[in-house]
Amino acid sequence: MTEIIFEFLNKIGFAHPLHPALTHIPMGMVMGAVTFRMASFLPKLRFLAKTGYHCVILGLLGIFPTAFAGYLDWQHTYGGNWEFLIILKMVLAVILTVVLVSIAYMDDPETPKFDKKTLFYLVAVLLAIGLGFSGGELQYG
Ligand code: HEM
């Protein structure tokens with residue numbers, strides 16, 4: 001199936017990896033989520049907690065196509081070889097999904113507090129950094 005997809009994309013003139021373009025959705029949304037969450041603790045900016053929460057939802061939705069494209073690139077470019085960085089990325093992607101789902105269920109952005117839920121936002125950004133770093137190591141060495 002992977003090769004059928006890449007052959008089709010080649011035929012229509014697209015010869016790039018798929019994953020890097022999609023990574024911007026979860027990466028950007030997680031960065032936005034934590035930034036807006038922190039900004040919501042400033043006087044008069046409480047409403048930004050809702051913006052951060054919405055970033056969490058969109059970032060969560062973006063994880064699935066991003067991970068799938070990562071899987072396709074891994075099969076196509078790296079021959080599906082199991083290496084440490086790929087395993088690390090899979091583990092981090094699963095943990096990030098769990099953390100974002102937990103925020104989506106538990107957080108009440110109407111009354112943001114500097115509590116466990118805010119800590120989850122910070123953990124999400126650390127996981128996103130880990131995914132970006134291991135992805136960069138894979139791509140650029
Ligand atoms: C939320 C999940 C993920 C995020 C945010 C993410 C992020 C990234 C980033 C930022 C890069 C560097 C791209 C660049 O060069 O500009 C990258 C590369 C890469 N990632 Fe991921 N990644 C995720 C999940 C996965 C998964 C689950 C896999 C494999 C099953 C994977 C496989 C790869 C591969 C093979 C590369 C090297 C570039 C390529 O050929 O696509 N990633 N990733």
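Q: How much of the protein do buried residues make up?
A: Buried residues account for 29% of the 141 residues in the protein. Keep in mind that this is a predicted model.

Q: What box do the C-alpha atoms fill?
A: Take the box along the principal axes. For this protein it is roughly 55 × 30 × 25 Å.

Q: Which share of the contacts with a separation of 6 or more joins residues 24 or more positions apart?
A: Look at separation along the chain. In this protein, residues 24 or more positions apart account for 77% of those contacts.

Q: Why does the span of α3 agree with its number of residues?
A: Work from 1.5 Å a residue. Helix α3 covers residues 48-77, which is 30 residues, so it should span 44 Å. Its end C-alpha atoms are 41 Å apart, and that agrees.

Q: Where in α3 does a kink lie?
A: Find the bend, then look for a proline. The kink is at isoleucine 63 and is about 30°. Proline 65 comes shortly after isoleucine 63.

Q: Which residue follows α3, and what is its phi?
A: Glycine 79 follows α3. The phi of glycine 79 is positive, near 60°.

Q: Can we test another helix? What should α5 span?
A: The 25 residues of α5 should span 36 Å. The end C-alpha atoms of α5 are 36 Å apart, so the two agree. After α5 comes glycine 141, with a positive phi near 75°.

Q: Which residues of α5 are buried?
A: They are Thr118, Phe120, Tyr121, Ala124, Leu127, Ala128, Leu131 and Gly135. Their cover includes α2, α3 and α4.

Q: Which residues of the largest nonpolar core touch the most other members?
A: Start with the general idea. Nonpolar side chains tend to be buried together in soluble globular proteins. Here the largest nonpolar core has 24 residues. Ala33, Val56, Leu96, Val99, Leu100, Ala124 and Leu127 touch the most other members. Each of α2, α3, α4 and α5 supplies at least two residues of this core. The largest share, seven residues, comes from α3.

Q: What is alanine 124 in contact with?
A: Leave aside its neighbours within four places in sequence. Alanine 124 then contacts Val30, Ala33, Val34, Leu96, Val99 and Leu100.

Q: Which residues around the ligand come nearest?
A: There are 26 residues around the ligand. His19, Pro20, Gly70, Asp73 and Gly135 come nearest. The elements giving two or more residues to this shell are α2 (19-39), α3, α4 (84-106) and α5 (116-140). The largest share of the shell, eight residues, comes from α3.

Q: Is glycine 135 buried or exposed?
A: Count its C-beta neighbours inside 10 Å. Glycine 135 has 20, so it counts as buried; the cut-off is 20 or more. This glycine 135 is found in helix α5, and it is one of the residues that come nearest to the ligand.

Q: What does glycine 135 touch?
A: Do not count residues up to four places away in sequence. Glycine 135 touches Thr23 and Lys89. By contrast, take arginine 37, which is 98 residues from glycine 135 along the chain. Their C-alpha atoms are separated by 26 Å.

Methods. Residues are numbered from 1 along each chain as its sequence is written. This is a predicted model: local features need pLDDT of at least 70, side-chain atom pairs count only at pLDDT 80 or more; totals for chains, interfaces and linings use all residues. Helices (H or I, at least four residues) and strands (E, at least two) are DSSP runs, numbered from the N terminus. The expected span of a helix is 1.5 Å times one less than its number of residues. The bend at a residue is the angle between axes fitted to the seven residues ending there and the seven starting there. A residue is near a molecule or strand if its C-beta atom, placed from the backbone, lies within 6 Å of it. A residue is buried if 20 or more other C-beta atoms lie within 10 Å of its own, exposed if 12 or fewer, and partly exposed in between; C-beta atoms are placed from the backbone. Two residues are in contact if their C-beta atoms, placed from the backbone, lie within 7 Å. A nonpolar core is a set of buried Ala, Val, Leu, Ile, Met, Phe, Trp, Tyr and Cys residues joined through C-beta atoms within 7 Å.
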